[in-house]
Amino acid sequence: MLASDSPRLAGVDDEHARVLAESGAVLPPIVIHRATRRVVDGMHRLQAAVLRGEDTIEARYFDGSDRDAFVLAVELNTAHGLPLCSADRAAAAERILESHPEWSDRAVSAVAGLSAKAVGAIRRKVLVEGHEVPARIGRDGRTRPLNSAAGRRRASELIAADPSASLRKIADQAGLSPGTVRDVRERMRRGEDPVPSALRTGRPAVGDADGHHRPQPFQLPSRSSGRDAAVMLEALVNDPSLRLTENGRHLLRLLSTHAISRERRARIIESVPPHAVATVSEVARECASAWEDIARQLTTPQRLGGVHRETER
């Protein structure tokens, strides 16, 4: 086990670790990055256990990239334990913006515990001019373009070709919201350029003239694409709409636990003693039944039809 890649600029607070050690309280599990064996969350608890003379501590594993391990460390340290100071939060936000420039200000602020306005100021300071991403992923996991000029041009061409086409049809083809298409149509009727001047100058915009973008869902690989469960799970781990919510993180932990390779399954089967075979089999069938029920409810026409339309404000 290695020391953490901590968001705390000053490192471990020895006094806080001592207070934890003397409290006598049961220490919650620490979190370890499986790939690097680094502590993601719980350095104070680990040091407290050492001060108590304990040689073991309960731990949970995180499966993901180095950059996502740091994001999780920041998120967990802003949610419990010794609070991160303002300098820690600002430094963490800067590092997250450098590793995840496609995240929206609100998505970063939700992790770092800063306001979206403060994150925006940090973004302008750290990102090199001319290297801005064309779109950002919000807290809901949906991608929104920063500049809709190309979509507006496309919408104007579609309107000119078929003036009777519905707003929804054009919006689907141009990748815009119906409200934006309505604005394009009104501009064309007035003889104006369908693209507002602010967008024509190339200045990134948070929203269209009507304040909306047509959200594009976070793309995940499907089983039909030939990818195995491990690859699909990695894609899920990178989905902010799961990683940045409590229930989403719980789901990812469960899926990570149950995504077992063929080789691992064989070793598990060999390790079950004869007297426990019947009980293990029954519990395994119950777990399989629960996951089958979840899969069945997720694949109902209502869920597959994309009825969830919540967008970030």
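Colleague: Which residues of helix 4 and helix 5 meet?

Modeller: Arg 89, Ala 93, Ile 96 and Leu 97 of helix 4 meet Val 108, Val 111 and Ala 112 of helix 5. Contact here means heavy atoms within 4.5 Å. Helices are DSSP runs of H or I with at least four residues, numbered from the N terminus. One caution: this is a predicted model, where local features need pLDDT of at least 70 and side-chain atom pairs count only at pLDDT 80 or more, while totals for chains, interfaces and linings use all residues. Residues are numbered from 1 along each chain as its sequence is written, and side-chain values use heavy atoms, leaving out hydrogens and water.

Colleague: Why are helix 4 and helix 5 called oblique to each other?

Modeller: Look at the angle: helix 4 (residues 86–99) and helix 5 (residues 105–112) cross at roughly 135 degrees, and their axes come within 10 Å. Under 35 degrees is roughly parallel, over 145 roughly antiparallel, 65 to 115 roughly perpendicular, and the rest oblique. Helix 4 and helix 5 are therefore oblique.

Colleague: And what makes helix 1 oblique to helix 2?

Modeller: Helix 1 (residues 14–23) and helix 2 (residues 43–51) pack at about 60 degrees, with axes 8 Å apart. That angle makes helix 1 oblique to helix 2. Asp 14, His 16, Ala 17, Arg 18, Leu 20 and Ala 21 of helix 1 touch His 44, Arg 45, Gln 47, Ala 48 and Leu 51 of helix 2. Sorted by class, that contact has 5 nonpolar, 3 polar and 3 charged residues.

Colleague: Is Ala 79 buried or exposed, and how do you know?

Modeller: Buried means under 20% relative accessible area, exposed over 50%, and partly exposed in between (1.4 Å probe, protein chains only). Ala 79 has 63%, so Ala 79 is exposed. Ala 79 belongs to helix 3 (residues 66–79).

Colleague: Why does Cys 85 count as partly exposed?

Modeller: Because Cys 85 has 38% relative accessibility, Cys 85 counts as partly exposed. Cys 287, with 34%, is partly exposed too.

Colleague: How many disulfides are there?

Modeller: The rule wants a pair of cysteine sulfur atoms within 2.5 Å, and the count comes to 0 disulfides.

Key. Axes fitted to C-alpha atoms, helices over the stretch in contact; angles between N-to-C directions. Helix = DSSP H or I, 4+ residues; strand = E, 2+ residues; numbered from the N terminus. Nonpolar A, V, L, I, M, F, W, Y, C, P; charged D, E, K, R; others polar.
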